[in-house]
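Here is a short report on charged side chains and how they pair. Look at the sequence and the model first.

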Amino acid sequence: MELDETDRAILRILQEDARTPFSEVARRIDMSSATVHDRVSRLEEAGVIRGYHADIDPKAVGYGVGAFVGLRVEQGREEDALERLRGIDGVREIHLTTGEWDVILRVVAVDTDRLRELMFERIAETEGFSRSQTMVVLGTDYEQPGPPL
């Protein structure tokens with residue numbers, strides 16, 4: 001789908017705050033609410049807008065530790081291994097990558113004891129991985145949701 005500048009303007013506003021009423025979006029881009037509604041519907045149907053969600057701070061709900069985990073996948077075991085990772089509580093993202101690691105996970109845990117359990121009892125026990133490295137997040141300096149528009 002080709003996006004015009006109006007689509008991009010709508011997406012910027014919704015990316016900043018998905019709860020912005022269509023009437024407010026319409027006011028800000030000088031269009032009718034009906035036109036904004038139609039465009040948003042078209043963007044949803046095309047898969048440009050994948051959904052709406054609350055951006056919840058993990059620390060505020062008890063997850064005080066975050067980490068990135070690099071994994072080396074054993075040849076021919078990728079699909080089974082990735083499927084098992086999807087079912088592990090605490091695994092928030094799974095990225096297939098190039099370079100030293102075949103897969104990079106973003107994980108969260110209540111504390112370092114639970115992170116250790118997640119790493120050694122859940123992830124390390126998952127068949128299909130030959131090596132891992134855990135990088136604990138000490139702080140997040142900058143985080144921007146979504147792509148630049």
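Arg131 counts as partly exposed, because its relative accessibility is 41%, between the 20% and 50% cut-offs. The model is a predicted one. Arg131 forms a salt bridge with Glu100, and the closest N and O atoms are 3.5 Å apart. This pair links distant parts of the chain. Arg131 sits in strand β4 (residues 129-137). Glu100 sits in the loop between β2 (91-96) and β3 (103-109). The two residues are 31 residues apart. Glu100 is also partly exposed, with a relative accessible area of 45%.

Arg27 and Glu24 meet through their side chains in a salt bridge of 2.6 Å, N to O. Both residues lie in helix α2 (residues 22-29). They are three residues apart, about one turn of the helix. Arg27 counts as exposed because its relative accessibility is 56%, and the cut-off for exposed is over 50%. Glu24, at 25% relative accessibility, counts as partly exposed.

**Arg114 and Asp111**

The side chains of Arg114 and Asp111 form another salt bridge, 3.5 Å from N to O. Arg114 is partly exposed, at a relative accessible area of 39%. Asp111 is partly exposed too, at 29% relative accessibility. Elsewhere, salt bridges with shared partners join Asp4, Asp7, Arg39 and Arg42 into one network.

Is Arg39 buried or exposed? Arg39 is buried, because its relative accessibility is 16% and buried means under 20%. Arg39 has its place in helix α3 (residues 33-45). A polar contact of 3.0 Å joins its side chain to that of Asp4. Leaving out residues up to four places away in sequence, Arg39 touches Asp4, Thr6, Asp7, Ile10 and Met31.

**The pairs side by side**

Side chains of opposite charge can pair when their charged atoms come close. The structure holds ten salt bridges. Among them are these:

| Salt bridge | N to O distance |
|---|---|
| Arg27 and Glu24 | 2.6 Å |
| Arg131 and Glu100 | 3.5 Å |
| Arg114 and Asp111 | 3.5 Å |

Definitions and conventions. Residues numbered from 1 in each chain as written. Predicted model: local features only at pLDDT ≥ 70, side-chain atom pairs only at ≥ 80, totals over all residues. Heavy atoms only, no water. Helix = DSSP H or I, 4+ residues; strand = E, 2+ residues; numbered from the N terminus. Buried < 20%, exposed > 50% of the residue type's maximum accessible area, 1.4 Å probe, protein only. Polar contact = N/O pair within 3.5 Å; in protein donor to acceptor, adjacent residues only side chain to side chain. Contact = heavy atoms within 4.5 Å. Salt bridge = Lys/Arg side-chain N within 4 Å of Asp/Glu carboxyl O.
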